[in-house]
Amino acid sequence: MSLQICDLHARIADREILRGISLEIRLGQTHAIMGPNGSGKSTLAKVISGHPDYEVTQGSVLLDGVPLLEREPDERARMGVFLAFQYPCEIPGVSIANFLRAAAQARLPEGESLSVTDFYQKLYREMDALGMQRNFSSRPLNAGFSGGEKKRAEILQMAMLRPRYGILDETDSGLDIDALKVVANGVNRLRGPEVGFLIITHYQRLLDYITPDFVHVMVEGRIVQSGGPELALELERHGYGSLEERYGSSKLSPLAETGTQG
Amino acid sequence: MAEEQGIAGEDLLQLDRSAGDFHYDVKYAYDAGVGLSEETVDYICDAKNDPTWLRDFRKRALEIFLREPLPTHWASEQLAEIDFSQIRYYLAHGQRAGRSWDEVPEEVKRTFERLGVPEQERKFLAGVEAQFDSEAAYSNMKEALRAQGVIFVGSTEGLHKHPELFRKWFGKVIPPGDNKFAALNSAVFSGGSFIYVPPGVKVSHPLQAYFRINAESFGQFERTLIIADEGSEVTYMEGCTAPRFDTATLHSAVVELVALPGAKIQYITVQNWSPNVFNLVTKRGMAMENAEVRWIDCNIGSRLTMKYPAVILRGRKARGEVLSIALANSGQHQDTGAKMIHLADETTSNIIAKSISIGEGRSSYRGMVRIPNHLKGCKNNTECDALLINTSSRTDTYPAITLRGNRSAVQHEASVSKISAEQIFYMRQRGLPESEAMSLSVNGFVNDLVREFPMEYSVELKRLIDLEMEGSVG
């Protein structure tokens, strides 16, 4: 069982951003993708979840063997893909609780309706575990939230919707240490043999709290290096500079011609 | 738990478009025929056994109606498409409304049962009047209210049985010369409610009227007069439906509210007209010292709605409020708004209007706020927000705020927004299909106003919005 990304190429308008990504996230594993700004990390997250602005030009993504790319974004979500957004949208007038109720309802078979009592029990259990005030759930989703509150709301949604594969897109950016711990705690609580994570981050900081099984480095739309947690620490020490020098231009990259990853 | 009444609610009322789109063949005992003339007015007066003063009133109003031009110089050109000579102005089963549902003719009773009216009455209403075409078929109120002296009857019964109260205020808040359609209503009105709440009586549950058009090419002209005596309180709700016919149907009501010192009137409308209905309604309340008039108005459906609920703030510290939601789908124009006329010191008014335009739908906000020079300590707040769903949707805002002098304060905010593609993607990423994501956003947009409706109506409103949103995507 895995989320299997195979030779994925994607572009927005005429600009190619993903240039052959291959990566397999098995259930129970946590992968981190690091890379400089503009390397295509967020694009990968959006393409997997089906953002309409991106066009896949080559490659495939299989979720537990089922082709994902021809599915609608909401189908992918119901199949178990969850994306914690870098910039979550404001949904004025819709409370977190009501939004999650609608999302939970959408996962039930047709004709079945959600038990309101069970829903609120689960919601409050998750909020307690994440150390959130219960009245947070009656605030309109992301409307007027601080950066930290938005990320907390993403983590709460992930906890409620229990994805098979959770993708966190720079969820740590702009967070203070307390919020960072909430995010890390939210992920660590869910980690287990039934869930895989893909954590996209620019900094090593988050990985101090969530220890990944694998770390990949992305430059210019390709994964240029893979390794264990020690790779993140190495990057922290040396920065992306040397990698960018090596792989920064597609013309210079040794992988440019084949489009595959070493 | 406030969330309990959230997105997914049990359907308590059954007044959605499909549920309202049916009609039964009914044999009418009274039929004024097609077209409008002095004979039509005489027919109505004879059928209703009107007193002479009312016959004279109606005829004066008819003259005004025939004389006044259609307001197409500022309003929609579509008005010119109404063929007044092809409309039936009075159709009735009988002259007396049943006090129990057993007294109501079978097909009329079946109509209201299908619309869920008797069920609502049992569940949460203090009184119900159910009008079928021109006349009320059913009218009843809880015994306890009758004992307190509350009057809730049809307009005809009101003017016959309580002439001293009725005549004192009838046509005073909205005189026949106010506008062409108020004149039309004054000439041919039938049905509607007459309510009187004695001093200090607080009616805790809503009184409800249900207006049903059953006949094709028909004009419904109900007339409602509500008088809340000193320190009293009352909430009135009206629901409206009509089946979908090929020819245009006209609904032109006049509603007059009188809130005497310290009284509070709340008037709630949920209309869900079929898309062939011209809905041209004049609604105005008068608030005396320390009194409050609140219009809560939801306009869904119809071909053209023109409705600008007004409050005349006549006494010191009077308060007026209009909260309105309009939803215009393709082929529909919701031309709605509010008027606040400040005539005394320290009067306050609040207008919050939200409109949603879907497909080719068009919504317009027209507002009028007047605070003259000599007044002090008056306040008005106006907010109008428009939401456009599709690129072909349209919205216009015409706020007219006249503030003279510097001892009063007004505040005006307007916004136009669209549901962004990012918002929809975000919601879809959580597993919501596109149409549900749209519905949820729209419900969120009107949420703060929907909360002002009684729970039973707010659930229904959410459902009506969901229905309207279907097929709006793509």
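Contact is taken here to mean heavy atoms within 4.5 Å. The model is predicted, so that local features need pLDDT of at least 70 and side-chain atom pairs count only at pLDDT 80 or more, whereas totals for chains, interfaces and linings use all residues. Residues are numbered from 1 along each chain as its sequence is written, chains are lettered from A and ligands numbered from 1 in the order in which they are written, and side-chain values use heavy atoms, with hydrogens and water left out.

In chain A, 68% of the contacts with a separation of 6 or more are accounted for by residues 24 or more positions apart. The secondary structure of this chain comprises eight helices and 10 strands (DSSP runs, H or I of at least four residues for helices and E of at least two for strands, numbered from the N terminus). The radius of gyration of chain A, 18 Å, agrees with the value near 18 Å that a compact globule of 262 residues would have (taken over C-alpha atoms, with the globule rule being 2.2 Å times the number of residues to the power 0.38). Along the principal axes, the C-alpha trace of chain A spans about 60 × 40 × 35 Å. Of the 262 residues in chain A, 53% are buried, that is, under 20% relative accessible area with a 1.4 Å probe, protein chains only.

In chain B, helix α5 (residues 117-124) has as its buried residues Val117(B), Pro118(B), Gln120(B), Glu121(B) and Phe124(B). Seen down the axis of α5(B), these fall within an arc of 165° and so line one face of the helix, the arc being that of the directions from the helix axis to the C-beta atoms. Their cover includes α4 (106-114), β3 (127-132) and α12 (455-469) of chain B, among others.

Terms used:
Buried < 20%, exposed > 50% of the residue type's maximum accessible area, 1.4 Å probe, protein only.
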